[in-house]
Amino acid sequence: MSTRTWGIVGAVVVLAAAGTTAALLLHGGKTGDYKTLPACDKLSGAVQGKPAFHVGQNVTDAADIRGLHPAYTNIRCETADGVTFVEVDLYQASTMNPLTATMYPDKQLHDGDWRAKDIFGHNQLTALTPDTAYGSLDFAASTCTVEQVKRNAEVMMTVPMPKGTSPTGWKAACKQIAQQQMPKVIGAAL
């Protein structure tokens, strides 16, 4: 090959590498949407005490609601008393807001990442990081709930708290659960 041909080949390789790098930077290196729900025994192994979970809810193909497709899958693995549970929601592209079961106000098709981030934070929990929050969803603060969003997935874990825990002690313990247990649950879930 001539010098000119090698120069053209080199330029093509450099441009291809630059394009790939730019794409990774724009998408954060993401490899695509999560598509598979975990098994309850896998989630149980990630929760402290390895509670015995059974399937409380499993939506593998949500039915259309008033002509809108929900485009999500979900599994809720819970203990027999329902106090401890892990819920995994995977969102795909849709025009339906899953909170209201109506079309998004902008009437646009939103991808799974956008929809998971839109759902995140509706529980009014305390932000730990931009994608993780913790707090209690009950009035008595008898449980700790941690919610985390990652790409098109939203994962929520709720565990009981010891009775008689002071508000300060409860907040510190729940924050610790968010920092130490939730990464294990995310690893098992996704």
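**Entry 1**

I looked up Tyr 91 and found a relative accessibility of 5%, so Tyr 91 counts as buried. The model I am reading is predicted. Next I searched the whole structure for aromatic pairs, and the search returned two. In one of them, the rings of Tyr 72 and Tyr 91 have centres 6.2 Å apart and planes at 40 degrees, so I logged the pair as tilted. Tyr 72 belongs to strand β2 and Tyr 91 to strand β3, so this pair ties together parts that are 19 residues apart in sequence.

**Entry 2: the other aromatic pair**

I then took the rings of Tyr 104 and Trp 114, with centres 5.1 Å apart and planes at 90 degrees; this pair is therefore edge-to-face. Trp 114 sits in helix α3, and Tyr 104 in the loop between β5 (102-103) and α3 (112-119), so the pair links parts that are ten residues apart in sequence. I checked accessibility for both residues. Tyr 104 is at 2% relative accessibility and counts as buried, whereas Trp 114, with a relative accessible area of 36%, is partly exposed.

**Entry 3: salt bridges**

How many salt bridges does a search of the whole structure find? I got two. One joins the side chains of Arg 76 and Glu 78 at 2.8 Å, N to O. The other joins Glu 87 and Arg 76 at 3.3 Å, N to O. Shared partners join Arg 76, Glu 78 and Glu 87 into one network.

**Entry 4: charges over rings**

I returned to Arg 76 and looked for rings. Its charged end sits over the ring of Phe 85, 3.5 Å from the ring centre. I also recorded Arg 151, whose charged end sits over the ring of Tyr 34, 4.1 Å from the centre.

**Entry 5: the sheet**

I traced the strand order of the sheet. It is an open sheet of seven strands, in the order β1-β2-β3-β9-β8-β7-β6, and the pairing is antiparallel. The edge strands, β1 (54-59) and β6 (126-129), each pair on one side only. Neighbouring strands of this sheet are turned against each other by 15 degrees on average, direction ignored.

I then looked at the join between β3 and β9. Strand β9 (residues 153-160) runs antiparallel to β3, and six bridges join the two. For Asp 89 I looked up the bridge partner in β9, and found Glu 154.

**Entry 6: helices against the sheet**

Which strands does α3 touch as it packs on the sheet? I listed β3, β8 (143-150) and β9. The direction of α3 makes about 140 degrees with that of β3. Helix α4 (residues 167-180) lies across β6, β7 (132-135), β8 and β9. I logged its direction at about 35 degrees to β8.

Conventions: Residues are numbered from 1 along each chain as its sequence is written. This is a predicted model: local features need pLDDT of at least 70, side-chain atom pairs count only at pLDDT 80 or more; totals for chains, interfaces and linings use all residues. Side-chain values use heavy atoms; hydrogens and water are left out. A salt bridge is a side-chain nitrogen of Lys or Arg within 4 Å of a carboxyl oxygen of Asp or Glu. Rings of Phe, Tyr and Trp (its six-membered ring) pair if their centres lie within 6.5 Å; planes under 30 degrees apart count as stacked, over 60 as edge-to-face and the rest as tilted. Helices (H or I, at least four residues) and strands (E, at least two) are DSSP runs, numbered from the N terminus. Buried means under 20% relative accessible area, exposed over 50%, partly exposed in between (1.4 Å probe, protein chains only). A charge sits over a ring if NZ of Lys or CZ of Arg is within 6 Å of the ring centre and within 35 degrees of the ring normal. Two strands pair if DSSP finds at least two bridges between them. Axes are lines fitted to C-alpha atoms, for helices over the stretch in contact, and angles run from 0 to 180 degrees between N-to-C directions. Contact means heavy atoms within 4.5 Å.
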